[in-house]
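Have a look first, and then we'll start with the charges.

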Amino acid sequence: PSSWDLHLTEAERKVGHEIVASLSNKPYIAVNMGGKVAINDWGLPNWQKLFAALKQDYGKYGLLVIGAELDFERGQEVLSRWDGPKANASGKLSPRESAAALEKAALFIGHDSGPMHLAAAMGVPTIGLFGENNPPNKWHPYGIRNHAIHRMTGVLSITVDEVETVVRSMLPTQ
């Protein structure tokens, strides 16, 4: 585990923590819904359904969206329907600043992506969604508190109910 220490600087932590300050010191869920590899994309409708299903029991949690600038609009779409505190950091942070923003997340949910690995490196319980792009276990998030849902039939064959069940097993309600 010590080899996963990113040795973030104080400046990187400051920027990351400023982003999450808007979440009112609430526990928060972090999510990455975008990415450069289209075959890894779970699709906006699935993300919308997932967070609609989670809103009743987890709506007091903050919601942080992490990603590239091209993920901003998708993040806004999901955040517009979330009742709790929210922040869209898409395109606003470097990868290392993103790691700092993820540092205190209660849970990270995302597909096979760099932000998923940053969350795992920061010790955040992580749910990774994987399709046929890579063989099972090759790029799953490191650590015993993490869970991978991997379908060689494609990431779109992962159901919202499956992801919701894993979230509920990993995250207490408030």
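This is a predicted model: local features need pLDDT of at least 70, side-chain atom pairs count only at pLDDT 80 or more; totals for chains, interfaces and linings use all residues.

Q: How many salt bridges are there by the rule used here?

A: The count comes to 8 salt bridges, where a salt bridge is a side-chain nitrogen of Lys or Arg within 4 Å of a carboxyl oxygen of Asp or Glu. Residues are numbered from 1 along each chain as its sequence is written, and side-chain values use heavy atoms, with hydrogens and water left out.

Q: What makes Lys14 and Glu18 a salt bridge?

A: Their side chains meet at 3.2 Å, N to O, and the rule asks for within 4 Å, so the pair qualifies. Both residues lie in helix α1 (residues 10-21), 4 residues apart, about one turn of the helix. Helices here are DSSP runs of H or I with at least four residues, strands are runs of E with at least two, and both are numbered from the N terminus.

Q: Why is Lys14 called exposed?

A: Lys14 has a relative accessible area of 54%. Exposed means over 50%, buried means under 20%, and partly exposed lies in between (1.4 Å probe, protein chains only), so Lys14 is exposed. Glu18, at 47%, counts as partly exposed.

Q: What links Glu162 and Arg151, and where does each lie?

A: A salt bridge of 1.9 Å, N to O, joins their side chains. Glu162 sits in helix α6 and Arg151 in the loop between β6 and α6, 11 residues apart, so this pair links distant parts of the chain. Glu162 has a relative accessible area of 23% and is partly exposed; Arg151, at 26%, is partly exposed too.

Q: In what order do the strands of the open sheet stand, and is the pairing parallel or antiparallel?

A: The 6 strands run in the order β3-β2-β1-β4-β5-β6, with parallel pairing. β3 (86-88) and β6 (147-150) are at the edges with a single partner strand each, so one side of each has no neighbour in the sheet. From one strand to the next, the twist averages 15°.

Q: What makes β1 and β4 partners?

A: Two strands pair if DSSP finds at least two bridges between them. Strand β1 (residues 28-32) and strand β4 (residues 107-111) have 4 bridges in the parallel sense, so they count as a pair. Within this pairing, Val31 stands opposite Ile109 in β4.

Q: Which strands does helix α2 touch as it packs on the sheet?

A: Helix α2 (residues 44-58) touches β1, β2 (62-65), β4 and β5 (126-130), contact being heavy atoms within 4.5 Å. The direction of α2 makes about 175° with that of β1; axes are lines fitted to C-alpha atoms, for helices over the stretch in contact, and angles run from 0 to 180 degrees between N-to-C directions. Helix α5 (residues 114-121) lies across β1, β4 and β5, at about 155° to β5.

Q: Why is Ser98 called buried?

A: Ser98 has a relative accessible area of 6%, so it falls within the buried class. Ser98 lies in helix α4 (residues 95-102). Not counting residues up to four places away in sequence, Ser98 touches Ile66, Leu93 and Leu118. Leu118 lies in helix α5 and is itself buried at 18%.

Q: Which residues touch the most other members of the largest nonpolar core?

A: Of its 27 residues, they are Trp42, Trp47, Leu50, Phe51, Ile109, Leu129 and Val163. A nonpolar core is a set of buried Ala, Val, Leu, Ile, Met, Phe, Trp, Tyr and Cys residues joined through side-chain atoms within 4.5 Å. Helix α2 gives the most to this core, with 5 residues. A second, separate core of 23 residues includes Leu23, Ile66, Phe108 and Met116.
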